[in-house]
6 protein chains.
Amino acid sequence: MDPLNFTHILTKTVDELSDSASYKGLFHQHRDGEPIPSAKALQSIIELARSIIFPGYFGKSTVNSRTINYHIGVNIEKMFGLLTDQVLAGLCFGRGEECCEPDSADSRECAASITAQFVSRLPELRRLLATDVEAAYNGDPAATSYGEVISCYPAIRAISNYRIAHELLELGVPLISRIITELAHSETGIDIHPGARIGAYFTIDHGTGVVIGATSILGENVKLYQGVTLGAKSFPLDKNGKPIKGIDRHPILEDNVIVYSNATILGRITIGRNAVIGGNIWVTEDVPEGARLVQPKAAK
Amino acid sequence: MDPLNFTHILTKTVDELSDSASYKGLFHQHRDGEPIPSAKALQSIIELARSIIFPGYFGKSTVNSRTINYHIGVNIEKMFGLLTDQVLAGLCFGRGEECCEPDSADSRECAASITAQFVSRLPELRRLLATDVEAAYNGDPAATSYGEVISCYPAIRAISNYRIAHELLELGVPLISRIITELAHSETGIDIHPGARIGAYFTIDHGTGVVIGATSILGENVKLYQGVTLGAKSFPLDKNGKPIKGIDRHPILEDNVIVYSNATILGRITIGRNAVIGGNIWVTEDVPEGARLVQPKAAK
Amino acid sequence: MDPLNFTHILTKTVDELSDSASYKGLFHQHRDGEPIPSAKALQSIIELARSIIFPGYFGKSTVNSRTINYHIGVNIEKMFGLLTDQVLAGLCFGRGEECCEPDSADSRECAASITAQFVSRLPELRRLLATDVEAAYNGDPAATSYGEVISCYPAIRAISNYRIAHELLELGVPLISRIITELAHSETGIDIHPGARIGAYFTIDHGTGVVIGATSILGENVKLYQGVTLGAKSFPLDKNGKPIKGIDRHPILEDNVIVYSNATILGRITIGRNAVIGGNIWVTEDVPEGARLVQPKAAK
Amino acid sequence: MDPLNFTHILTKTVDELSDSASYKGLFHQHRDGEPIPSAKALQSIIELARSIIFPGYFGKSTVNSRTINYHIGVNIEKMFGLLTDQVLAGLCFGRGEECCEPDSADSRECAASITAQFVSRLPELRRLLATDVEAAYNGDPAATSYGEVISCYPAIRAISNYRIAHELLELGVPLISRIITELAHSETGIDIHPGARIGAYFTIDHGTGVVIGATSILGENVKLYQGVTLGAKSFPLDKNGKPIKGIDRHPILEDNVIVYSNATILGRITIGRNAVIGGNIWVTEDVPEGARLVQPKAAK
Amino acid sequence: MDPLNFTHILTKTVDELSDSASYKGLFHQHRDGEPIPSAKALQSIIELARSIIFPGYFGKSTVNSRTINYHIGVNIEKMFGLLTDQVLAGLCFGRGEECCEPDSADSRECAASITAQFVSRLPELRRLLATDVEAAYNGDPAATSYGEVISCYPAIRAISNYRIAHELLELGVPLISRIITELAHSETGIDIHPGARIGAYFTIDHGTGVVIGATSILGENVKLYQGVTLGAKSFPLDKNGKPIKGIDRHPILEDNVIVYSNATILGRITIGRNAVIGGNIWVTEDVPEGARLVQPKAAK
Amino acid sequence: MDPLNFTHILTKTVDELSDSASYKGLFHQHRDGEPIPSAKALQSIIELARSIIFPGYFGKSTVNSRTINYHIGVNIEKMFGLLTDQVLAGLCFGRGEECCEPDSADSRECAASITAQFVSRLPELRRLLATDVEAAYNGDPAATSYGEVISCYPAIRAISNYRIAHELLELGVPLISRIITELAHSETGIDIHPGARIGAYFTIDHGTGVVIGATSILGENVKLYQGVTLGAKSFPLDKNGKPIKGIDRHPILEDNVIVYSNATILGRITIGRNAVIGGNIWVTEDVPEGARLVQPKAAK
C-alpha cells in the first residue's frame, strides 16, 4: 500500500469520527472559558493537601517549626486557586446552561466561597486523620513508627483522599469528589465512595481490593483488611427497568467492627458493635453485637 | 572504607554484570534502528485513543463541534506515527533475523499497513465502547451521568485498553497488545488478557482484582464485580513437563451472566445465559442457564 | 463574600495549621542537610536496578554486547549516588540526634559502605531473579517468551522490588526498604513485606491483591495466584493493650506449594511440601505435605 | 553560627522584605482571576505562530498537504486560547480598576475579539514574511535555500516577532507586544521596538546588536547589518526634567537603503532612497537619495 | 561499513578519549559529595531573587499584600538551600584538598554563613535596584510604566544579576559570581564583570554588546547605550610573558556620565562628571568633566 | 461578538492558511519516515560533545578517572544515535527524491558512516579546543583558572560549536552544521560560519556581536574582541542580479593578528602576521605584517 493510501485511510477515518452521529453521548463539549475537571489538577490538590496536613512527609520542602507557616501559607494559596477552578468545573459539568455561567463573576464567586469553606475545615480534617494514623500504628505489629505509617501505608493515602472528597461532596460539589477517590483507588486499590460516612480511628490493612459503597455507614474504630467489600445486594428497578438511584443500599458497621480479608458484606444490613467477620465469607444478613463469623472448614 | 575501595567494588561489580554468562536469557539485544517496545509510547497511544473516542473527556483540548475534526485529525496522525513504530517493535521482538528487517522499507510498510487497518476500525471500537458506557451507567445506581462513567470509572479504562489490544492481536501484533492490557492492569487492578473475546454491553463494577484469562469467551451484557477470576483450572503438560501452550482453558460466560465479588470460575466450563454467580465462591463445573449459586452460610 | 474575606479565611487557617499543637505527631522536622526519604528517588533507583539486571528491557538505551559495560557502569554509578543518600535518609529517619549525624563524614561513609555492599550483591540478585523469570514462563501457558515475562508480568516487578528491599533490610536499612515494596504494591497490587523470606523460582500469577506478611517464609518453587493472603491471625497484646511487635506470626510455605486465587492463610502455620490450597478458602491450621484443600460446593 | 541563627536571619529578612514600604513601586499586586503577562505563554504563542506561518519548519509535527489543515486548526485554536488570556493580561496590566474587570464577561469578550482580529490577519502576516525570506535569500551569497533561511536565520525570527508584536500594538494591546520583541531580542540580539513601521522585503544580516527605535519608519527593501542603531539623539524634557513621551525621534529610512555594520543613525532624520551607509559611522543629519557614506581612513 | 565496524570505531574512540593524557587540563574530577557549580541551580537562584525583589513580576505566584510574606518566606528558604550548595561548590572549585572539605560540617557551615549574610543584604539590594528601575524609566521616552521596565527591560535583568554577583564576590565567593553574570550575558548580550563597582541609578539602554571590565568603577546616575565597551587597553606581562593578573586596568566613569552606542573606552582613564561620549568612538585618554566627544564627520 | 463568530473567524482563517497557494515556498513537506532537522536534538548533541570533550565540566555526572570510560562510552553511543538521525536529516533536506531515500538502508548506512567518521575525530577536536582554552586563559588577566575559562567563557562555547560544525561540513553535511553555529550565536552573540577556516589557539574576548563570514581564513593564535566583523564588502551579481554564491569574499587574518572591539574588516583582503587592528574602525584594504591601525582622534 503506498503512503497516499495510508493518508486516505486516515482522513476518511477522521471524517467518520468527526461525524456528530458517531460521537453522540461520548462527547463533552466545553463552553468557552469553562474550567475542565482535571485529574492532573486534582492530583496536585491532593499532594498539596498531604503536604499541608502531614508537614515534612510529603512535598519537597524541608520545613522546620519556624518556617512552617510560610510553607503552609503558600500551599494553601495554591490549593485555593487550583481547587476553586476544579469546584467550578464540577459545578458546571453536565449541567444545563441556566445553572452555571462559567464566565460570570457569580459562578466563580460561588466556587471560591465553597473552596474557602473547604479550606477552613482542613484543621478538623487533620485532627481526624491523626486518629486514623494512630489506629493504623496500633493495629499493625509491623509498623515501627507514626512516620512509617504516614510515609508508606496506602490506607493513609486512600483515607485522606476519601475524607477530602467526602468534605467536598458535603459542600455540594459533584464529580470531582468522585475523581479524587478514584485517584486513590488507582494508587492503592482501595475504592471508597465519597458518599460513605466513616468515623474516627478508621484503618485498612494492606487494602488492595477494598470497596466501600456510597451509602455505607462506619462507626469509630473500624478495621478492614484487603479485599473486603461493603456493597449493595441488589437494587430495585424503576418502571423502565433502570436501577433507582439514591436508595440506602450498603451496610452499616458499628463501632469496633473488624472485617477480615476478602469478606463480602452486602445490602443495608447492620454489623453490630465489636463483631468480627472472618475472611472470604459472604454476609447478607444482620450480624449481632460481638458476633464472630468464620467460613466453614475447607474440604480436604 | 575509603572512596577508592568503593570505586573498586563498583567497577568489579560492573565487570561481573557485563559478563555475558551473567545476563544470558535476561538481555534483549536490539539491532541497530529497531524500534523498542515502549510502555511510555504505548501509554501515549492509549491516551490519544481515549481522546479520539471520547472527545472532550480526555486530553487537554477544549474541542467543540466545529473544530473537532482538527483535533481528531492531529491525534490520529500522531497515533499513526507512534503506533507504526510500536507495531514494528512488536513484530520484531524476539523473532529471528529472517522474519524482520527493521531497517527495510518492507517491514515498515507492513507495520504501517497494519496500523492503518487498526485506525480504520476506530469508529467500530467507539460504537462498541458506547455500549459498555451505557451498561455501566444502567448497572450502577451511584452513577449520575454518562460523563461521570467516562471520566471516573476504571472499568471504562480497562475495557478500552482491552478492546484496543484485542484488535491489535487480531491483526497479528504480539507483545505490545499484552503491554497495553498490563498498563490498564496497573492503573485499575483489572487484568484482561487481549486474547479474550468479549461481547457488547460489558461492564465491571469497581474491578480491582478481576482476572479474565486468554481463552475466555463472554457474551453480550455480562457484568462482573471486583475480584472475579475467570481462570484456568490446570493445564496439561507436554512430555517435558511444560504446560502446553494455546489450549482453550478458560470459561465461557453466555449473555447476561452476572458474577459477584471474589468469585473464582476455573476451566473450560460454560456459565449459561442469565446465570448469577454469588460472591466468594469457587466454580469448576458448568452452570446451567438461569441458575443462581451462593456460598453456604458462614458458621457463627 | 468578597475577596478580602477569602484572604482572611485563608490566613486564619494557615495560623491554625501552623500551630504546633495542631501538627503534633504528624510533622517530620528535618535537620539541616539531612537527606529526605524520597519515593521519587527510590523509584529512580528501582528503574536503574531493573535496567542493570535485565539489560535492554528497561531504560531507554539500546545496549549491545560490546557497549553493555558502559551502560551498566554509568547506571551503577548513578545508583550508588542516589542510594547512598536514601540509605542515609533511612538510617536517620526517626532516630534521635545521637544515632545519626547527617552532615558528618562518618554517617555518610557508613551509608556509602552499606550501599557498596548492596551493589556487590547485584550479580546474585540477578541470578535469583532469573529463576523467578523461568518459573513464571514455565508456569503460564499464555507466556510466549522470557522477553514477554520480563517486559509485561507484574509479578517480575513486584518480586524484583521485594528482593532488592529484602537485601537492604538485611543490611540494616529501615523505612526505605518498606517504601520500595509499597512502590511495587501501588504499581502491581502485590504487597510483599521486605521482611519475608522467599526462595528461588518464585512466581505469582496476575497478582492483584496478594499480601505476604513480614515474617512469612516461602521455600523454593512456590506459586501464588491473585488475591492470596499470607497473614497474621491475631496478635498478642502487651500489658498496654498494644500489639507486641516482632513476633513470628505469618505462615511457612514449604517447597512447591501452590495457592489458588483469593485463598487466605493466617497465622504461624506450616503448609507442607507440594500441598495445593484451593481458591477462596480460609486456612488457619497446618496443612500436611501433598494435601489438596478445596472450598465446599456452593449451594444452588 | 548555629542553624537557629541562620533561621533567625532568614525570618528577619523575610519580615523586612514583606514590609510594604520596602517593595513600594516594585510590586505588582494581581487582582483575583486576572491573567498574568507571561513570557512563557508568549513564547508558546510565538512558537505556534511560527509553526502556522512556516509549516513543517517549526513544531514537531510532520505535516503533509492533506493533513495540514488539522495541524493549522489545532494550532490556531490553541493560540486563540493562550493569546486571549495574554491580551487580557496586557489590557489589565497597570490600569485602574475602572478600566478592566478581569472576571467580567465583557473584558474577556473584548480580549477575545481583539485576538480574533489578530488571527484573521495571519494570512497577511505570512504574505509579508514571505517577502522577508525572499530578501534574506537574495541578499546573502551564503544562503543555499529558502529552507535554510527559514530554519537558521535569526533575522527571520526577530522580524517574525516584530511583525506579530506590531500587529498587536496596532490593535491596542500594550506591554505584551513589548515582551514579544524582547523575547526575540534575547534570542537573536536584535531589538526592534513594536512601534516601528517597516515595509516588505526587509532583511538584517547576522543581526546581533541591531536596535530599531519605537518611532522609526523603514520603507521597502531595506537591509541592515549587525550592530546598526536607529536611535534617538536626545529627547526634549518636560518642565519636571523628564523626557516627553511619544515624540517622533527616530530615523526614516526610505526604500532600498543599506546600512553596514555598527553604524549609528540618530534622530528624526531621513536617509534617502538607495542610500548606502558605511559601517562604524555616526549619522545625525539627513542623507540624500543615493548617497554613500564611509568612515574616514584609519590612522596607521 | 557494517554495524560491527561502527561499534569498533566507537569503542576505539572511547578508549582514546578516556586516556588521561588526552583529557589533561580539561577534566574536572569531583571529590565524592562535593557539590558541582551548576548553571541550572544558579539560574533558579536568580529567578528566586527576582521574584523576591520584584514580587508579582517574576515567578508564577499571584501574591497579594496579605500573603506576600508566605511567598517571600518560602522563596528565601529555597534560595538559602540552593545557594549554600553553590557557594560551597564555588569555594571548593579548583582548590587543593587542604582548603575545602566538602563533606565536613565546617565547610558547609562556612558556606551557610556566607549565604545567610548574602540573604541579609537582599533588602539593600532591592533599594539599589529600585534606583536602577527609576533611572531606566526616566531615561527612556518609550517606557510607559515601572512595570514595563521591570518586566521587559534586559538592563534590569543584567544589572540584577551583576548586583547579586558583586555581593557574592565581596563575600569572597569565586567562580559562581562569574557564572551568574555570564547567565545574564547570554540572556541579554550585556557582559558586566562581577568585580566592577557601580553606583545607584545605573541604566543601560538596549544593551546588546555592552562590556564592563573587572576593575571598572562607575559613579551614580551613569547611562550606557548598546555596544559600549569599558575595557583594558593592554596588560603588562610578567617575566614569563603572561599577563599580570589583578591590576587596575579599566576606566573610571564619574557621576552622570553618558556613553553612546558602540563607543569603546579603554584603560585606567577617568571620564569626568557629566561628560558625554558620542557613539562609535575609541577613547584611551582621560576626558574632563562636562566634555562632549563625537566622531569626526563621515566622508561622502 | 458571540463565540460562534469567533469560531467562524478561526475556521475561515484555517482554510486560508491551509490553501497551498498561501504557503508556497514556506512549507517543508516531510516524506514519511524522514528525520527532521531538529534544533533540540542538535542542542543535545552539542551538550553530549561538551561533556565528552571537557569531562566533569558539563553534564550532570560526577565522573572520576576510574569511571570516565563508562560515561564517555554512554555519551558517545547516545551521540552516535542522535547525530546519525540529524546527519540523515541534513542530507535529505531540500534534495530531490532521487538523492535521498530516508527509509532505505543505504541512506541510513551512509549517514551512520559519516557520523562514525565524525566521532573518530573527537580526540583531535579535543586537542584543538585545548589550545583555545589555553589561549583564552593566557590572554585574559581576569581569568583565574582553566576551569573558569571552560565553565564560563562564551568564546569556548561558540568555538566548540564552530569546530564541531566545521568538521561536519567538511564531511559533506549541510544545513545542520549551520544550525549548530546558530545555536551558539543565540547563546553567545558570536556568529561564526561553519565554512570559515580557523587555526589553533584562537580566542575571542567577551564576544557579543562578532561575525566571521563563510570564506574567512584565520591563522594560529588570532585574538578577536567583541563586535568585530570579518565580512564581505560587496558581492558580484549574476546576470539575473542575484549574488553569485560561493566566491571567496571574506578576509584572511594571518598568525597572531589581534582585532579590537567593533572593528569591521571587509572583503578578500589580508591582514598580515602580528598586525593589530584598533577598535571601531572600518578596514577594506590589505594591512601589512606588524601594522597597527587606530581610529582618528575624536572631536571634542
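**Contacts between neighbouring chains**

In this predicted model, 63 residues of chain F are in contact with 55 residues of chain E, contact meaning heavy atoms within 4.5 Å. Residues are numbered from 1 along each chain as its sequence is written, while chains are lettered from A and ligands numbered from 1 in the order in which they are written. Local features need pLDDT of at least 70, side-chain atom pairs count only at pLDDT 80 or more, totals for chains, interfaces and linings use all residues, and side-chain values use heavy atoms, with hydrogens and water left out.

How the two copies are related comes next.

One salt bridge is counted between chain F and chain E, the term standing for a side-chain nitrogen of Lys or Arg within 4 Å of a carboxyl oxygen of Asp or Glu. The partners are E:Arg178 and F:Glu148, with their closest N and O atoms 3.2 Å apart. On the side of chain F that touches chain E, the largest share, eight residues, comes from helix 6 of chain F (helices are DSSP runs of H or I, at least four residues, and strands are runs of E, at least two, numbered from the N terminus).

Chain A and chain B form a further interface, and here the contact takes 55 residues from chain A and 63 residues from chain B. Their buried area is about 4,900 Å², with 61% of it on carbon and sulfur atoms. A:Leu17, A:Leu26 and A:Trp282 supply 15% of the area that chain A buries against chain B, more than any other three residues. One salt bridge is found across this interface: A:Arg178 pairs with B:Glu148, the closest N and O atoms being 3.2 Å apart. Helix 1 of chain A, with eight residues, gives the most to the side of chain A that touches chain B.

Methods
Buried area = accessible area lost by both parts, 1.4 Å probe.
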